[in-house]
Amino acid sequence: MPTFEPAMANPSGTCKLAIMANPILSQEKLWKLFDVIPGLEFCELNQPDMSGERAYGSVVYDNPKSAAYAIEKLHGFDYPLGSRIMIKFDESAPARGFGPQGGGHRGSFGSGSSMGGGASNPNMPSDIKNLVNTIQHATQMLQASGYAPSTGVGSNNGAGAASTFDSSMFSGELPTPQPLATTGSQCQERLFFVCKDSRDNPPPHILTDVFGRFGDLIEAYLMKGKKCGYAKYASKEAAQRAIQGLNEQTLMGSYLKVLVAEESSADRAKRPRMDEY
């Protein structure tokens, strides 16, 4: 058992990870990458999807701590250059040491494994199993990456809305989801934020989810074609909480800088000049 203590929790105790990576990665390179974390038992990258730009696979460690540490250190890693590796817990696998099948064996999570039960039928042809596994991998990894459609994020139904946000996307601790500010709320504080060190920006609904967790969010958006944007809040207290919780954290591989925005020229024009009195 490793002596390190990962900061990321692994509540289900799973030792298996689902990964999405560039299909040009060889098995040897993939193994060497994940082998930097002690306890690697198995890793495999299956056939790429129809676009040929992504491939889905499995990584298995011999203990839950190593699995959590691998996500902590390698999720969003730019490898090869320009292609981020996305990783999430695969909770379809039994937790190591729990239940009658907790032992696990090397190779038990191959290309014909079950990702949620869809390909567990022993009579299913191997090519169909691979196809089912690829589809299930794709769905899970796209949800973890924030590219799957969400339900209700950004609506005023707020805290009860479903979201594709996964805690592994963010380096810090976030509050629970909060409702957005009511329609027509006046902006009391505007924040400016920058997404650095990443090829792709977080998608809009993830930004709304994350910035909205500090309450009173009116809107959060990136400027078109830029890696920076604004978050508007209906209270200064909520904006300050957002700065404290988000500044210098990493979201989906993007390093965030969050600060109070400078007053816009339109706001300065509305403000009465002191020399007029």
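Which helix does W31 lie in? W31 lies in helix α1, residues 27-34. Helices here are DSSP runs of H or I with at least four residues, strands are runs of E with at least two, and both are numbered from the N terminus.

This is a predicted model, in which local features need pLDDT of at least 70, side-chain atom pairs count only at pLDDT 80 or more, and totals for chains, interfaces and linings use all residues. Residues are numbered from 1 along each chain as its sequence is written, and side-chain values use heavy atoms, with hydrogens and water left out.

**Overall build**

The protein has six helices and nine strands. Of its 277 residues, 44% are buried. Buried means under 20% relative accessible area, exposed means over 50%, and partly exposed lies in between (1.4 Å probe, protein chains only). The protein exposes about 14600 Å². Carbon and sulfur atoms supply 52% of that area. Accessible areas come from the Shrake-Rupley method with a 1.4 Å probe; for residues, only the protein chains shown count as cover. Among contacts with a separation of 6 or more, 66% join residues 24 or more positions apart. Contact means heavy atoms within 4.5 Å.

**Helix α4**

Helix α4 spans residues 204-212 and is mostly covered, with eight of its nine residues buried. The buried residues are H205, I206, L207, T208, D209, V210, F211 and G212.

V210 counts as buried because its relative accessibility is 0%. Beyond its neighbours within four places in sequence, V210 is in contact with F165, L174, L246 and L251. T176 is 34 residues from V210 in sequence, and their C-alpha atoms are 9.5 Å apart.

**W31 and the aromatic residues**

W31 is partly exposed because its relative accessible area is 25%.

A pair of aromatic rings is described by the distance of the centres and the angle of the planes. Rings of Phe, Tyr and Trp (its six-membered ring) pair if their centres lie within 6.5 Å; planes under 30 degrees apart count as stacked, over 60 as edge-to-face and the rest as tilted. The count comes to four aromatic pairs. One of them joins Y221 and Y230, tilted, at 6.2 Å centre to centre with 45° between the planes. F192, Y221 and Y230 form one aromatic cluster.

| Residue | Relative accessibility | Class |
|---|---|---|
| W31 | 25% | partly exposed |
| V210 | 0% | buried |
| Y221 | 28% | partly exposed |
| Y230 | 17% | buried |

**The largest pocket**

About 790 Å³ of space lies in the largest pocket. Of the 28 residues that line it, M8, S167, S168, M169 and F170 are the closest to its centre. On a 1 Å grid over the protein atoms alone, a pocket is an open set of points where a 1.4 Å probe fits, with protein on both sides within 12 Å along at least five of seven lines; lining residues have an atom within 4 Å of a point. Grid points are joined across faces, edges and corners, and the volume is the space filled by probe spheres set on the points.

α2 (64-74) and β4 (86-89) each supply at least two lining residues. The largest share, three residues, comes from α2. The lining divides into 11 nonpolar, nine polar and eight charged residues. Ala, Val, Leu, Ile, Met, Phe, Trp, Tyr, Cys and Pro count as nonpolar, Asp, Glu, Lys and Arg as charged, and the others, Gly among them, as polar.
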